Amino acid sequence: MAVECTGRNVEITPSLINLARSRTERLERHLGGPANVRVVLSHERHQFGAEIIATHRRRRWNAHEHTADPRAAVALAFEKIDAQAKKDLEKRRDRKNRASPRLLSPEEPQPQAPRKRAARAADAAGPERRIVRSGRLAVKPMSAEEAALRIESSEAEFIVFRDSGTEKISVLYRRPDGNFGLIEC
């Protein structure tokens, strides 16, 4: 832990240094390692400004705050640094856990999590849902029997086709009991 405190038109008191050290310790607990923190306290136009620059490994976060109290300015600036660091760590954690779309072939579907994990994730996410585009499907004219033969010979869960008899779009899907379901539009 390295905390550097600098004052511009203001004297740095031991209480401000202790506040910066305690907040840096809390930041290090979130980050999981030592952080370098630079605190610049300034006094202009009857307001105290706190600028904090925190670095951890190759990450850097900046925060500025202006209030009438120097301790409040430092505390609020550290709150901003904590929020930035947490957001950055969540982004990195999420990026690590997802599969790269470049590594998957165009025909290969996205890997799916087990049913229980997916249900828990849906409950935790709440009402916010995303639509993920998986690509375009070629709608070819064929009969339902031809579509059943094609889906049997592949690993696909469904096939979209134009029924050659009625010229309507249809979907043939594999049911959990091993049979096929047909949806006609």
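This is a predicted model: local features need pLDDT of at least 70, side-chain atom pairs count only at pLDDT 80 or more; totals for chains, interfaces and linings use all residues.

Tutor: Gladly! Residues are numbered from 1 along each chain as its sequence is written, and side-chain values use heavy atoms, with hydrogens and water left out.

Student: What makes a stretch a strand or a helix, and how many are in the protein chain?

Tutor: Both are DSSP runs numbered from the N terminus: helices are H or I with at least four residues, strands are E with at least two. On that basis the protein chain has four helices and eight strands. Their order along the sequence is β-α-β-β-β-α-α-β-α-β-β-β.

Student: Why is Arg57 called exposed?

Tutor: Exposed means over 50% relative accessible area, buried under 20%, and partly exposed in between (1.4 Å probe, protein chains only). Arg57 has 67% relative accessibility, so it counts as exposed. Arg57 sits in the loop between strand 3 (47-56) and strand 4 (59-67), and has a positive phi of about 55° although it is not a glycine.

Student: And why is Arg23 called buried?

Tutor: The relative accessible area of Arg23 is 7%, so this residue is buried. Arg23 belongs to helix 1. Leaving aside residues up to four places away in sequence, Arg23 touches Ala75, Phe78, Glu79 and Asp82; contact means heavy atoms within 4.5 Å. Across the protein chain, buried residues make up 27% of the 185 residues.

Student: How do you know how helix 1 is oriented relative to helix 2?

Tutor: Helix 1 (residues 14-31) and helix 2 (residues 70-97) pack at an angle of about 10°, with their axes 10 Å apart. Helix 1 is therefore roughly parallel to helix 2. The axes are lines fitted to C-alpha atoms over the stretch in contact, and angles run from 0 to 180 degrees between N-to-C directions. Angles under 35 degrees count as roughly parallel, over 145 as roughly antiparallel, 65 to 115 as roughly perpendicular and the rest as oblique.

Student: Which residues meet there?

Tutor: Among them are Leu16, Leu19 and Leu27 in helix 1, and Val74, Phe78 and Ile81 in helix 2.
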